[in-house]
Amino acid sequence: MGNPAPALLEANAAFYAAFRTADAAAMEAVWARTRPLSCIHPGWPALHGREAVLASWRDILRAVDEVATVTFRDPRACAGHDFGYVLCYEQVGDNLLAATNLFVVEDGAWKLVHHHAGPCAQPIDAAPGTTRH
């Protein structure tokens, strides 16, 4: 088996592409269908279950002006055979957030099972090789 990290990073990029383009169908597609889901948006209580998580994203994606300014940077993947995570930073307008995205392999593809983003106490400098999306 090859290195699973590139495919994991692609799945993470697909999540942010759905977020940035406010594409609710694409957002639904990046989340697992058969596993328990959870999500913690900045300042929100923890959400549990597919319906609650996806309903929150539909509400967020309706706020197109704010969503259009979302970018992510410095993704770092840690991938095993069927579980992995990506740590990265989100830039939402003037706010810098640290994010953790947990993935599992479902039907041969990486699918999101948990997203957590929260304020980052201090700005980070882009290091050589940092990826911005």
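This note goes through the predicted model point by point, from confidence and fold to single residues.

1. **Basis of the model.** The structure is a predicted model, in which local features need pLDDT of at least 70, side-chain atom pairs count only at pLDDT 80 or more, and totals for chains, interfaces and linings use all residues. Residues are numbered from 1 along each chain as its sequence is written, and side-chain values use heavy atoms, with hydrogens and water left out.

2. **Confidence.** The score used here is pLDDT, the predictor's confidence in each residue, from 0 to 100. Its mean over the chain is 89, and 87% of the residues reach 70 or more. Residues 126-133 have a pLDDT below 50, and beyond near neighbours in sequence this stretch has 13 contacts in the model. A contact means heavy atoms within 4.5 Å.

3. **Fold.** The chain has 4 helices and 6 strands. Helices (H or I, at least four residues) and strands (E, at least two) are DSSP runs, numbered from the N terminus. Read from the N terminus on, the order is α-α-β-β-α-α-β-β-β-β. Of the contacts between residues at least 6 apart in sequence, 50% join residues at least 24 apart.

4. **Surface and burial.** The accessible surface of the chain is about 7200 Å², and carbon and sulfur atoms account for 55% of it. Such areas come from the Shrake-Rupley method with a 1.4 Å probe; for residues, only the protein chains shown count as cover. Buried residues are 37% of the 133 in the chain. Here buried means under 20% relative accessible area, exposed over 50%, and partly exposed in between (1.4 Å probe, protein chains only).

5. **The nonpolar core.** A nonpolar core is a set of buried Ala, Val, Leu, Ile, Met, Phe, Trp, Tyr and Cys residues joined through side-chain atoms within 4.5 Å. The largest one has 30 residues, and those that touch the most other members are Phe15, Tyr16, Phe19, Met27, Trp31 and Trp57. Two or more residues each come from α1 (5-21), α2, α3, β3 (70-79), β4 (83-92), β5 (95-106) and β6 (109-119). Helix α1 gives the most to this core, with 6 residues.

6. **Methionine 27.** Is methionine 27 buried or exposed? Its relative accessibility is 1%, so methionine 27 counts as buried. Apart from neighbours within four places in sequence, methionine 27 contacts Phe15, Ala18, Phe19, Trp57 and Leu61. Leucine 61 is 34 residues from methionine 27 along the chain, and their C-alpha atoms are separated by 9.2 Å.

7. Side chains of opposite charge can pair when their charged atoms come close. A salt bridge is counted when a side-chain nitrogen of Lys or Arg is within 4 Å of a carboxyl oxygen of Asp or Glu. The whole structure holds 5 of them. Glutamate 28 is partly exposed at 30% relative accessible area, arginine 50 is partly exposed at 22%, and arginine 33 is exposed at 54%.

8. **Another salt bridge.** Aspartate 59 and arginine 62 also meet through their side chains, at 2.5 Å from N to O. Aspartate 59 is partly exposed, with a relative accessible area of 45%, while arginine 62 is exposed at 59%.

9. **A nonpolar patch.** Phe83, Tyr85 and Leu87 make a nonpolar surface patch of about 260 Å². Patches are made of residues with over 30% relative accessible area and no salt bridge; like charges are joined within 9 Å, and nonpolar side chains (Val, Leu, Ile, Met, Phe, Trp, Tyr) within 5 Å. Phenylalanine 83 belongs to strand β4 and is partly exposed, at 41% relative accessible area.

10. **Positive phi angles.** Alanine 22 is not a glycine, yet its phi is positive, at about 55°. Alanine 22 is in the loop between α1 and α2 and is partly exposed at 23%. Aspartate 107, also not a glycine, has a positive phi of about 50°. Aspartate 107 lies in the loop between β5 and β6 and is exposed, with 79% relative accessibility.
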